[in-house]
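Welcome, and please open the sequence and the model side by side. The paragraphs below walk you through them, one place at a time.

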Amino acid sequence: MATYNKIAGSREALVESINAGSDQWGIALSNTAPSATAFTAGTSDLATGGGYTQGGANVATTTSAESAGVYKLVLVDPATWTASGADIGPFRYVLLVDKTVNLMIGYWDYGSSITLLAANSDTFTVDLDGTNGVISLA
Amino acid sequence: MASPSLVSQTFSQSAGVTDLTFTPTLSAHTTGDMLELDVGLDGNPTVSFATGGQNGWTLNWQLQNTQGSTTPTHAKLTKRATSASETPPDLEATVGEAWGASCRVYRGAGGTLNYYTPTPVDGTDSGSSANGQGSAVSPGVGSQDFTFTSCIVQDGVQGATAGPSGYGNFQTNANATAARVEVSTSEKAATASSDTPGAWTSAAEQWIVGGGAVWEDAGGATNYTLTCDVGAYTLTGVAAALRRGYSMAAATGAYSLTGQAATISRGYRVACDVGAYTLAGHDATLTYVPGTANYTLTCETGAYALTGFDAITSLGRRLVAEVGAYSLTGIAATTSRGYSVAADAGAYSLTGNDATLTATASVAYSLVCEAGGYSLNGRNASLLFSGVVAPRRHAGTRKNYIIKGQKYALTDWELRLVIQQMLDEVKRPEVQVVTAKEVKQVSRRVWKRLKESLSSLEALTLEKVETVVESNVIEYDDEDDEELLMLL
């Protein structure tokens with residue numbers, strides 16, 4: 001299981017700029033570990049090609065609620081990327097992006113760079129935690 | 001699939017010891033080959049891609065050794081070749097240092113080659129002792145035909161002489177210069193899910209070990225899955241010191257008010273109006289008894305007293321207003337609220353204005369009314385009568401009657417009243433007219449005219465009465481009257 005990495009500035013963004021319950025969230029792919037929260041499609045993530053659209057995939061919000069003193073943001077898994085027509089990658093990091101305000105707040109590290117080969121129709125699936133969510137606040 | 005093979009390897013290094021930017025040399029490769037680039041730098045600079053110099057490479061990690069000494073830096077880069085002429089990465093360091101690099105090329109059986117490298121940890125995968133050792137390599141893809149790789153970067157001269165146990169193909173840049181950095185590599189093919197390499201055979205020198213794994217896909221689609229952990233945030237509040245419940249009891253303030261003595265004087269005046277006095281006489285009863293001679297009317301002095309009242313004026317009163325002392329006492333106000341009030345001592349001053357008081361001279365007025373003196377002058381009266389007895393002339397000697405009393409000057413109007421009253425009391429039979437021949441009673445006509453004439457006189461004086469009488473007698477009487485006796 002990939003550990004969640006908090007991006008510098010994401011805490012302030014969560015408090016001041018983000019409405020987690022109503023904003024549009026997205027999952028994007030990048031080969032560079034983000035060091036700031038600003039997100040620019042095609043620059044902060046992969047450019048469009050091979051079945052990947054820059055800016056990443058929009059994901060729906062399952063729940064955004066507090067229970068027993070813990071707030072959880074639970075998102076739906078993004079669609080699986082399948083390389084087609086061109087390779088997708090290389091990439092290593094999966095970004096959690098607030099598409100409404102174009103801010104990244106965290107990322108997961110695959111551990112190594114991978115490239116989805118179109119020749120093999122390689123796929124990449126991001127499995128988000130459907131119970132604990134992508135972020136929690138206690 | 002069989003473990004990928006190392007098909008070529010090339011070392012490169014800096015010419016000097018202060019390179020800020022450098023480009024490692026790549027080894028020969030073809031499309032599909034996995035290129036693994038290990039870069040070592042002297043000192044502890046940070047390495048990054050120069051602007052526009054990434055060229056499709058992935059900078060997997062870099063580590064700066066701080067164990068024993070802050071040197072060296074080890075960075076690992078990889079790229080799956082998409083052509084036979086890949087462009088090497090252009091790198092730059094934060095500090096110009098000597099550098100060394102190893103480029104190894106791995107090739108599979110035609111399938112897709114994958115690469116995994118764990119990020120080394122300072123103090124675990126770095127040190128300054130002999131025989132440096134790296135951490136386990138666990139790609140997380142299960143058991144595969146891996147080629148596990150290991151690279152040790154050391155500061156200074158050649159320190160490594162052999163790779164970890166079970167690792168073969170020991171290669172080194174054989175740096176013989178102390179100011180440079182040494183890069184040594186070794187590999188191991190194994191079918192496993194992970195590998196924990198043993199220690200390098202190396203001399204005591206600052207070192208960093210980085211491992212990796214290369215494997216080839218079995219063919220067909222490779223389905224990658226990333227299971228994401230939840231990111232946990234905590235929000236902690238800071239205790240706030242609250243102050244509340246302060247109350248300030250305001251004590252009674254004492255004030256002293258001192259006035260200035262004021263001298264007050266006022267001028268009093270009394271206006272004395274004119275006093276009005278009325279003089280009223282008493283009726284005198286006159287009785288005439290025929291045949292009696294020497295009638296004498298003795299009029300006693302009437303006494304009138306007019307006494308005025310002294311007007312008492314009192315001026316020059318002074319009111320001395322003594323210094324007044326005033327005490328002003330306030331009421332304590334109790335305030336209680338969550339506010340603090342700093343009440344400074346109040347300063348009060350009362351200044352009176354000088355009062356200019358003017359005293360006028362006091363004069364005591366008094367009116368002393370002296371007794372009035374009146375003088376009553378009578379006129380000679382000739383008393384005549386007709387009848388059997390020969391007329392006699394009674395020459396009444398003029399008498400001066402003095403009514404002693406308070407002096408009073410009758411006004412013309414008052415005198416007129418007196419005379420009028422006397423005339424009213426005189427009866428016609430009592431009045432006779434003296435002619436050269438006789439004395440007779442005044443005729444009715446004359447008496448009437450006389451009365452009428454006298455009543456019309458405003459200023460009734462004795463002279464006028466006499467004139468009127470004479471004119472009426474002369475005018476209206478049938479006889480030659482020469483004198484008229486009047487009894488006043």
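A:Tyr4 is buried, and B:Tyr233 is buried as well. In this predicted model, the ring centres of A:Tyr4 and B:Tyr233 lie 6.1 Å apart and the ring planes meet at 70°, so the two rings are edge-to-face. A:Tyr4 belongs to strand S1 (residues 4-6) of chain A, while B:Tyr233 belongs to strand S18 (residues 231-233) of chain B, so this pair joins two chains. B:Tyr233 has another neighbour to look for: A:Lys6 lies over the face of its ring, 4.6 Å from the ring centre.

Over all chains, the structure holds 11 aromatic pairs. Another of them is formed by B:Phe146 and B:Trp215, again edge-to-face, with 5.4 Å from centre to centre and 70° between the planes. Both of these residues, B:Phe146 and B:Trp215, are buried. What does this pair tie together? B:Phe146 sits in strand S11 (residues 144-155) of chain B and B:Trp215 in strand S16 (residues 207-216) of chain B, so the contact links parts that are 69 residues apart in sequence.

Aromatic rings also gather in a group. A:Phe91, A:Tyr110, A:Phe124 and B:Tyr224 make up one aromatic cluster. A:Phe124 turns up again in the largest nonpolar core, which has 46 residues: A:Trp81, A:Leu96, A:Trp108 and A:Phe124 touch the most other members. Which elements build this core? In chain A, helix H1 (10-16) and the strands S2 (25-30), S3 (57-59), S5 (70-75), S7 (88-98), S8 (103-116) and S9 (123-127) each supply at least two residues, and so does strand S17 (223-227) of chain B. S8(A) gives the most to this core, with 8 residues. As a general background, nonpolar side chains tend to be buried together in soluble globular proteins.

Now turn to chain B and its strands. An open sheet is formed there by 5 strands in the order S1-S8-S3-S6-S5, with antiparallel pairing. Strand S1 (5-13) and strand S5 (58-64) of chain B stand at the edges with a single partner strand each, so one side of each has no neighbour in the sheet. Neighbouring strands of this sheet are turned against each other by 15° on average, direction ignored. To see one of the pairings up close, follow S1(B) along strand S8 (residues 99-107) of chain B: the two run antiparallel and are joined by 8 bridges. One position to look at is B:Ser12, whose bridge partner in S8(B) is B:Ala101. In general, the strands of a sheet pair through backbone hydrogen bonds.

Strand S7 (residues 91-97) of chain B pairs with strand S2 (residues 19-22) of chain B in the antiparallel sense, over 3 bridges. Here B:Thr21 has B:Glu92 as its bridge partner in S7(B). Strand S4 (residues 47-49) of chain B also pairs with S7(B), antiparallel and over 3 bridges. In that pairing, B:Val47 stands opposite B:Ala93 of S7(B).

In chain A, the peptide bond between A:Gly89 and A:Pro90 is cis, with omega about 5°, and A:Pro90 lies in strand S7 of chain A. In chain B, a cis peptide bond runs from B:Thr71 to B:Pro72, with omega near 0°. B:Pro72 is found in the loop between S5 and strand S6 (73-80) of chain B.

Next, look at two residues with a positive phi. A:Ser121 has a phi of about 55° although it is not a glycine; you will find A:Ser121 in the loop between S8 and S9 of chain A. Is A:Ser121 buried or partly exposed? With 35% relative accessibility, A:Ser121 counts as partly exposed. B:Asn55 likewise has a positive phi of about 55° without being a glycine, and B:Asn55 sits in the loop between S4 and S5 of chain B. B:Asn55 is partly exposed, with a relative accessible area of 28%.

Finally, consider the cysteines. How many disulfides are there over all chains? The count comes to 0.

How values were computed: Residues numbered from 1 in each chain as written. Chains lettered and ligands numbered in written order. Predicted model: local features only at pLDDT ≥ 70, side-chain atom pairs only at ≥ 80, totals over all residues. Heavy atoms only, no water. Phe/Tyr/Trp six-rings, centres within 6.5 Å; stacked < 30°, edge-to-face > 60°. Helix = DSSP H or I, 4+ residues; strand = E, 2+ residues; numbered from the N terminus. Buried < 20%, exposed > 50% of the residue type's maximum accessible area, 1.4 Å probe, protein only. Lys NZ or Arg CZ within 6 Å of the ring centre and 35° of its normal. Pairing = 2+ DSSP bridges. Axes fitted to C-alpha atoms, helices over the stretch in contact; angles between N-to-C directions. Disulfide = S-S within 2.5 Å. Core = buried A, V, L, I, M, F, W, Y, C linked by side-chain atoms within 4.5 Å.
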